[in-house]
Amino acid sequence: MTTSQVLIILTIIVYLGAMLFIGAYFNRRGSGSSSADFYIGGRSLRPGVTAMSAEASDMSSYLLMGLPGLAYF
């Protein structure tokens, strides 16, 4: 293995470890008592946050479905 390959693998392992640590930390710290609280945000989100989330979801689907087709032509 070359040095660059080792660095890439090491970076992926560090990133995976960091994501697992963050997930475990916030799992223990979380205040939600059920998965329903997780999915609906405890019904405490303001309209602006909900609108930004809806727009981000809309843009995500456009980029996933529409942009490759546009690039093909």
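Modeller: The discussion below turns to the ring pairs and their setting. This is a predicted model, in which local features need pLDDT of at least 70 and side-chain atom pairs count only at pLDDT 80 or more, while totals for chains, interfaces and linings use all residues. Residues are numbered from 1 along each chain as its sequence is written, and side-chain values use heavy atoms, with hydrogens and water left out.

Colleague: How many aromatic pairs does a search of the whole structure find?

Modeller: A pair of aromatic rings is described by the distance of the centres and the angle of the planes. Rings of Phe, Tyr and Trp (its six-membered ring) pair if their centres lie within 6.5 Å; planes under 30 degrees apart count as stacked, over 60 as edge-to-face and the rest as tilted. The whole structure holds 2 aromatic pairs. The planes of Phe 21 and Tyr 25 stand at 20°, with ring centres 6.4 Å apart, so this pair is stacked. Phe 21 and Tyr 25 lie 4 residues apart in helix H1, about one helical turn. Tyr 25 and Phe 26 form an edge-to-face pair, with 5.0 Å centre to centre and 80° between the planes.

Colleague: Is Phe 21 buried or exposed?

Modeller: Buried means under 20% relative accessible area, exposed over 50%, and partly exposed in between (1.4 Å probe, protein chains only). Phe 21 is exposed at 59%, whereas Tyr 25 at 43% and Phe 26 at 44% are partly exposed.

Colleague: Which residues do the ring pairs link into a cluster?

Modeller: The cluster consists of Phe 21, Tyr 25 and Phe 26.

Terms used: Helix = DSSP H or I, 4+ residues; strand = E, 2+ residues; numbered from the N terminus.
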